[in-house]
Amino acid sequence: MQLDRIDFAILRELRKNARLPNKLLAERVGVAPSTALERVRRLREQGAICGYHAEVAPAALGIGLQAMISVRLARHARADLDGFGRYLSTLREVLAFYHVAGANDYLLHVAVRDSDQLRDFALDAFTTRTEVAHIETSLIFSFRRNVDLPVYRAAAD
């Protein structure tokens, strides 16, 4: 996938606001609206744009508490790792999960109503699983997503 400076500019703008009208997007990156439309289509087809998401206010959904849960598995067999990842995908409280290196195997971002639900969720979802050896929970006091993009590849001009 060869991205040039205009592609990077488009990705930066859409990361900030995925609902940006095409005309305004074109103006901000310095191309014609038809060019911007074609570039966005190509970026989607090539997989540089994987999807569009809405930032939803947690309180609007009744979410009063978010936490990061570190999970250490008892074994590091591929079947256990893959199976646990599939299991995490079924839990609606899990907003995101990461398979990580270090003392723990997974880091989970979870959202719940309150501390009682967090306790019940952790006990029911993880301590009953035979592949889980240890969990540790850290409460999230505030969360903000960085809308800027780190770019580590030079643009092909």
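This is a predicted model: local features need pLDDT of at least 70, side-chain atom pairs count only at pLDDT 80 or more; totals for chains, interfaces and linings use all residues.

Residues are numbered from 1 along each chain as its sequence is written, and side-chain values use heavy atoms, with hydrogens and water left out.

The helix pair. Helices are DSSP runs of H or I with at least four residues, strands are E runs of at least two, and both are numbered from the N terminus. Helix H1 covers residues 5-16, and helix H2 covers residues 22-29. They pack at an angle of about 130°, with axes 10 Å apart. Axes here are lines fitted to C-alpha atoms over the stretch in contact, and angles run from 0 to 180 degrees between N-to-C directions. That angle makes H1 oblique to H2. Under 35 degrees would be roughly parallel, over 145 roughly antiparallel, 65 to 115 roughly perpendicular, and the rest is oblique.

Which residues make the contact? From H1, Ala 9, Ile 10, Glu 13 and Leu 14; from H2, Leu 25, Arg 28 and Val 29. Contact means heavy atoms within 4.5 Å.

Now Leu 14, in helix H1. Buried or exposed? Leu 14 has 10% relative accessibility, so it counts as buried. The cut-offs: buried is under 20% relative accessible area, exposed is over 50%, and partly exposed lies in between, with a 1.4 Å probe and protein chains only. Beyond its neighbours within four places in sequence, Leu 14 contacts Leu 25, Val 40, Ile 49 and Tyr 52. The C-alpha atoms of Leu 14 and Tyr 52 are separated by 8.8 Å, with the two residues 38 apart along the chain.

Glu 13 also sits in helix H1. Glu 13 is buried too, at 13% relative accessible area. With neighbours within four places set aside, Glu 13 touches Leu 20, Leu 25, Arg 28 and Val 29.

Last, the cores. A nonpolar core is a set of buried Ala, Val, Leu, Ile, Met, Phe, Trp, Tyr and Cys residues joined through side-chain atoms within 4.5 Å. The largest has 20 residues, and Phe 84 and Phe 126 have the most contacts inside it. Strand S1 (65-73), helix H4 (78-89), strand S3 (106-112) and helix H5 (115-127) each supply at least two residues of this core. S1 gives the most, with 5 residues. A second, separate core has 15 residues, including Ile 6, Leu 20, Ala 26 and Val 29.
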